[in-house]
Amino acid sequence: MSTTAPPSDGVDHVDERLLRTSPLKKLLARPELGSVVGAVAVFVFFAVVADSFLRPSSLGTVLYGASTLGIMAVPVALLMIGGEFDLSAGVLVTSSALVSSMFSYQMTANVWVGVGVSLLVTLAVGAFNGFMLTRTKLPSFIITLGTFLMLTGLNLGVTKIVTGTVSTKSIADMEGFPSAHAVFASTLTVGGVELKVTVLWWFGLVAAATWILLRTRFGNWIFAVGGGADAARAVGVPVYRTKIGLYMGVALCAWIAGQHLLFSFDVVQSGEGVGNELIYIIAAVIGGCLITGGYGSAIGSAVGALIFGMTSKGIVYAEWNPDWFKFFLGAMLLLATLLNAWIRKRVEATK
């Protein structure tokens, strides 16, 4: 019977996987830590300078503004963790709403038929982005910039051909509108605070995305692909399928946001959505996602969206000139990025 002798170098060898990590190190390793610190600072700041900021009605308004952004920031964050971008996300929201509205109105069908057709079309656009990316090997910036320009032109051109104007016709009196409005644009009262249903959609998406990232094989694939596609492929990760799935996830959430846009206002302007894609990316970056991929969280994107909501509404409640909003947004982006980089360095230095 043979035995294995311990190492003779006089040093106790312990598997580093068995070493206990202190709660502080675990906290510092969380990608959303910087954004949480920033969110607390923004909340305290506007609570002091704006008397109406802490009113229940103001809280509902802030959460609504954060949710309309957060619904899209969640899938954009997952896509960035996977190492890619989607510059067409903003106009895709408008495309989704336009398809629902025009199909329902022109075909004189139940609005739910238009909603279903819109879902199929929107998912097809997401699959197209992912397919073109994986087949052409071009950067996602180029692929989705092309999709952005095509959708922008289609939104305007098709709307003018079908309706004769730059906006759709009202569908408020069509069959199915009340039930669709209840699903995508209703208002709930919780604890004396009026909340739009988009807040529930937002919370649900954050919870689902967090579960996917931390508890599923697909979540492991996302981190692996973002960390290095070639290395991920070498260990059996289906890189192409993962990236196409991520783009379709962006499309699914664009459909949800688009239906909210439609059923909130009955009509849709074909030029809406341009520029929103940058705000989605900013929310994800503020929330701790790295531009280079492989790092981030869905919760962080939610906190980034909340910071956006508090800032955009806090400036109004403080009665400041709203022209300063973009300045504050840019400053928060830089500060959050620097803070996240500092935290990562501290974590790596203690390993």
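Which residue forms a salt bridge with Asp230? The partner is Arg233, and the closest N and O atoms of the two residues are 3.2 Å apart.

## Basis of the model

The structure is a predicted model, in which local features need pLDDT of at least 70 and side-chain atom pairs count only at pLDDT 80 or more, while totals for chains, interfaces and linings use all residues. Residues are numbered from 1 along each chain as its sequence is written, and side-chain values use heavy atoms, with hydrogens and water left out.

## Salt bridges

A search of the whole structure finds 2 salt bridges, the term denoting a side-chain nitrogen of Lys or Arg within 4 Å of a carboxyl oxygen of Asp or Glu. Asp230 and Arg233 lie 3 residues apart in helix 10 (residues 229–234) and are thus separated by about one helical turn. Helices are DSSP runs (H or I, at least four residues) numbered from the N terminus. An α-helix has 3.6 residues a turn, so residues three or four places apart point the same way. Asp230 is exposed at 61% relative accessibility, whereas Arg233 is partly exposed at 39%; buried means under 20% relative accessible area, exposed over 50%, and partly exposed in between (1.4 Å probe, protein chains only).

Glu84 forms a salt bridge with Lys243, with 2.5 Å between the closest N and O atoms. This pair links distant parts of the chain, 159 residues apart: Glu84 belongs to the loop between helix 3 (56–81) and helix 4 (89–106), and Lys243 to helix 11 (residues 239–265). Glu84 is buried, with a relative accessible area of 9%, and Lys243 is buried at 11%.

## Helix 5

Helix 5 (residues 111–136) has 26 residues, which at 1.5 Å a residue should span 38 Å; the 37 Å between its end C-alpha atoms agrees with this. The expected span is 1.5 Å times one less than the number of residues. At the start of the helix, a side-chain oxygen of Asn110 comes to within 2.8 Å of the backbone nitrogen of Trp112. Lys137, which follows helix 5, has a positive phi, near 65°.

The buried residues of helix 5 include Val111, Val115, Val125 and Leu133, along with Gly114, Gly126 and Gly130. The buried residues pack against helix 4, helix 6 (140–163), helix 7 (177–184) and helix 11, contact meaning heavy atoms within 4.5 Å.

## Val158 in helix 6

Val158 is found in helix 6 and is partly exposed at 34% relative accessibility. The C-alpha atoms of Val158 and Leu98 are separated by 9.4 Å, the two residues being 60 residues apart along the chain.

Terms used: Helices (H or I, at least four residues) and strands (E, at least two) are DSSP runs, numbered from the N terminus. A polar contact is a pair of N or O atoms within 3.5 Å; within protein, one must be able to donate a hydrogen and the other to accept it, and residues adjacent in sequence count only if both atoms are side-chain atoms.
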